[in-house]
Amino acid sequence: MYVGRYCKGLRHGAGLYVFKNGARYDGEWRQGVKYGQGTFWYPDGTRYEGEWKRDMKYGFGVYYYVNGDVYEGSWKKNFRHGMGSYLYADTNTKFMGTWIKDRMQGPGQLIHPRHRFHGFWQLNLPYGRGCFTFENACMQHGHYVHVKDPDYDETKEEPVEQGQVTEPATLEAEAGEGNKKLADTEDVKLEEAKPEPFEPLALKKGVIALWRARCITPYNADLLPPEPVPLQEEVSVDSLLDRCSEDLIMAPERYLKYEDEYEGEGGRYYEDADYPGSFVEAI
């Protein structure tokens, strides 16, 4: 079910779409796709609030997981990408740093209630030199190494990665089907965009991070690793112009006057008429 604005037979402007499985999207549309600010509620209780481009999470957004975890930061083509923070609700710890293709990758911090770790990450695991800072103004220096997990069993099925954002295929398929039916009804032909492949980085299986402490020193900010910085990237998704904005507003009618016509009260009624944009409700 869709309730909102249309333009030339396509969802365009503000609108609410409710899917058959209970998911729903409330936000902005352009030429039949989610584009702009919007909120998506998933059937399992998770939700995303933020920016969209061509039916994909793109830009800044916040994702609320069903277990209470929260990711807040940059997105690219439905994946966490750029600067972002991830709050682990069960331990009350937060990662703040760089994400690349849905993985913690690069400089960052892991903030605990009474201490924090400054360092680098590689495929969701801390790696290389770093330091712990504590409330008593001291620092522990060392480095993380990746070693084989002795408890790893290759025969067991891999568990779902914590914090992984999974897009149910049925939702996108259903949305596409709705657009297709609408286009067939109105005989509208719209060329579908084919975005470049953008897949998450493959994780290392059976690997854990092991801390090797080296020394303890008084706190010195000059000894901290580099802070994370935003990624410098070009926009790789073509923008959809708001071409239908002019079509949503009807031109006011003008009343033609003739000679010797009566001009009394209400004589300017037709000249001052102002008609709002159309609003369509469809089920």
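This is a predicted model: local features need pLDDT of at least 70, side-chain atom pairs count only at pLDDT 80 or more; totals for chains, interfaces and linings use all residues.
User: Let's start inside. Which residues have the most contacts inside the largest nonpolar core?

Analyst: The general idea is that in soluble globular proteins, nonpolar side chains tend to be buried together. In this model, the largest nonpolar core has 25 residues. Those with the most contacts inside it are Phe40, Tyr63, Tyr71, Tyr86, Trp99, Met104 and Phe117. Several strands each supply at least two residues of this core, among them β1 (2–7), β3 (24–30), β8 (79–88) and β11 (115–122).

User: And where does this core lie relative to domain 1 and domain 2?

Analyst: Between them, because domain 1 (1–64) and domain 2 (92–151 + 204–222) both give residues to the core.

User: On to cysteines. How many disulfides does the structure hold?

Analyst: Remember that a disulfide is a covalent bond between the sulfur atoms of two cysteines. The structure holds 0 disulfides. Take Cys131: the closest cysteine sulfur, in Cys215, is 9.9 Å from its own sulfur, which is too far for a bond. The cut-off for a disulfide is 2.5 Å between the sulfur atoms.

User: Are Cys131 and Cys215 buried or partly exposed?

Analyst: One of each. Cys131 is buried, at a relative accessible area of 1%. Cys215 comes out at 27%, so that cysteine counts as partly exposed.

User: Now the charged pairs. How many salt bridges does the count come to?

Analyst: The idea here is that side chains of opposite charge can pair when their charged atoms come close. The count comes to 4 salt bridges. One of them joins the side chains of Asp55 and Lys34, at 3.1 Å from N to O. Asp55 sits in the loop between β5 and β6 (56–64) and Lys34 in strand β4 (residues 33–41), so the pair ties together parts that are 21 residues apart in sequence. Both Asp55 and Lys34 are buried.

User: What about Glu135, which residue does it form a salt bridge with?

Analyst: Its partner is Arg114, with the closest N and O atoms 3.4 Å apart. This pair links distant parts of the chain, 21 residues apart: Glu135 is in the loop between β13 (128–134) and β14 (138–148), and Arg114 is in the loop between β10 (103–111) and β11. Both Glu135 and Arg114 are exposed.

User: And how far apart are the closest N and O atoms of Arg47 and Glu49?

Analyst: They are 2.7 Å apart, in another salt bridge. Arg47 is partly exposed at 26% relative accessibility, and Glu49 is partly exposed too, with a relative accessible area of 29%.

User: Next, the backbone. What is the phi of Asp102?

Analyst: Asp102 has a positive phi of about 75°, although it is not a glycine. Look for Asp102 in the loop between β9 and β10; this residue is buried, with a relative accessible area of 2%. Asn124 also has a positive phi of about 75° without being a glycine. Asn124 is found in the loop between β11 and β12 (125–126).

User: Last one: which residues line the largest cavity?

Analyst: The lining is made up of Gly108, Gln109, His118, Gly119, Pro225, Pro226, Glu227 and Pro228. Strands β10 and β11 each supply at least two residues of that lining. The cavity has a volume of about 30 Å³, and the count comes to 1 cavity of 30 Å³ or more.

Notes
Residues are numbered from 1 along each chain as its sequence is written. Side-chain values use heavy atoms; hydrogens and water are left out. A nonpolar core is a set of buried Ala, Val, Leu, Ile, Met, Phe, Trp, Tyr and Cys residues joined through side-chain atoms within 4.5 Å. Buried means under 20% relative accessible area, exposed over 50%, partly exposed in between (1.4 Å probe, protein chains only). Helices (H or I, at least four residues) and strands (E, at least two) are DSSP runs, numbered from the N terminus. Domain bounds come from an automatic or database domain assignment. On a 1 Å grid over the protein atoms alone, a cavity is a set of points where a 1.4 Å probe fits but cannot get out, and a pocket is an open set with protein on both sides within 12 Å along at least five of seven lines; lining residues have an atom within 4 Å of a point. Grid points are joined across faces, edges and corners, and a volume is the space filled by probe spheres set on the points.
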